[in-house]
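Trainee: Could you walk me through some of the labels used for this protein? I'd like to know what stands behind each one.

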Amino acid sequence: MWRAFIPELVCVVVAVACLVLVWCPSAAALAGSCEMVRIPLCHPMPWNMTKMPNHLHHSTQANAVLAIEQYEALLDTGCSPDLLFFLCAMYAPICTISFQRDPIKPCKSVCERAKSGCEPVLKKYNHTWPESLACDELPVYDRAVCISPEAIVKVDPSDNSFFQDLSKCSPDRCKCKSVKLGQKTYTKNNYNYVIRARVKEIKTRSHDLSAVVEVKDVLKSSLVHIPRDTVTLHYSSGCLCPPLTPNEEYIIMGYENEERSRLLLIEGSIAQKWKDRVGRKVKRWDQALSKGRKRENDRLIRP
């Protein structure tokens, strides 16, 4: 698929007139419109607020993360210095509190530069520039509001008359939501895998937050094979949620990306310190869940 070769780019709001970005919006405004950028590939961008749905109609950042990951291979080729900026502007569009209601699109010229550099690489693998990233419908810089790397005015972050460091405004930006483990939660969340594992390392490279764990036992597995060996669990946001501590042993419940053979830690995943009694409970819950599904299947196929 061509999608395996397309990276992501991010844009900043600019137009014919100079636009001031507010990096520390009021709590009310933030709750009502903008949200923190939680897409790891887009963290280097000069903004950290976005709004969903994005320009590709992803309703949540969790969905956008899974979609944008397939473009990392193209990004790694270095086919265009504008590619990451353009992709992030599409997948995690910059959100302004007071300038305009909808997220701002990247300029047509940014798209064309990215396409010009990267389409030859795609053609080598018999792929074309994706229609979802078409340049024709994007705004022209001197005629409408759009963003481009060269139009970004860099301001000293210490100058609070322009913007404030959002980390000072939001110390809990990576506060993880607590998910209470119980049979109801286990049944509702329908986890793809459940493992007992010891954490060996937490990796925090900008493009991919992950945890390297040593699997002690597989309590449940689905489509992705889980060996009793060292495996990597991939976080889907810029926050280490659920949190894991090296050298500690956990019961971990999460999801999978079958296409990429990845085990994921996303919203709703659980990681709790391992206790034998918890492991026994989970096995009973899974057996009850399997029996319930079998009864339902039998009922549906009964003449």
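Mentor: Happy to. Let's start with Arg 228 and Asp 217, whose side chains meet in a salt bridge. Before we go on, this is a predicted model, where local features need pLDDT of at least 70, side-chain atom pairs count only at pLDDT 80 or more, and totals for chains, interfaces and linings use all residues. Residues are numbered from 1 along each chain as its sequence is written, and side-chain values use heavy atoms, with hydrogens and water left out.

Trainee: What makes the contact of Arg 228 and Asp 217 a salt bridge?

Mentor: The term asks for a side-chain nitrogen of Lys or Arg within 4 Å of a carboxyl oxygen of Asp or Glu. Here the N to O distance is 2.8 Å, so the pair qualifies. Arg 228 sits in the loop between β4 (208–220) and β5 (230–235), and Asp 217 in strand β4, 11 residues apart. Strands are DSSP runs of E with at least two residues, helices are runs of H or I with at least four, and both are numbered from the N terminus.

Trainee: Why is Arg 228 called exposed?

Mentor: Exposed means over 50% relative accessible area, buried under 20%, and partly exposed in between, using a 1.4 Å probe and protein chains only. Arg 228 has 61% relative accessibility, so it counts as exposed.

Trainee: Are Arg 262 and Glu 69 buried or exposed?

Mentor: Arg 262 is buried because its relative accessibility is 12%, and Glu 69 is buried because its value is 9%.

Trainee: Why is Lys 273 called partly exposed?

Mentor: Its relative accessible area is 43%, so Lys 273 falls in the in-between class. Glu 248 is also partly exposed, at 32%. Lys 273 forms a salt bridge with Glu 248, with the closest N and O atoms 3.9 Å apart.

Trainee: How many salt bridges does this rule give?

Mentor: The count comes to 9 salt bridges.
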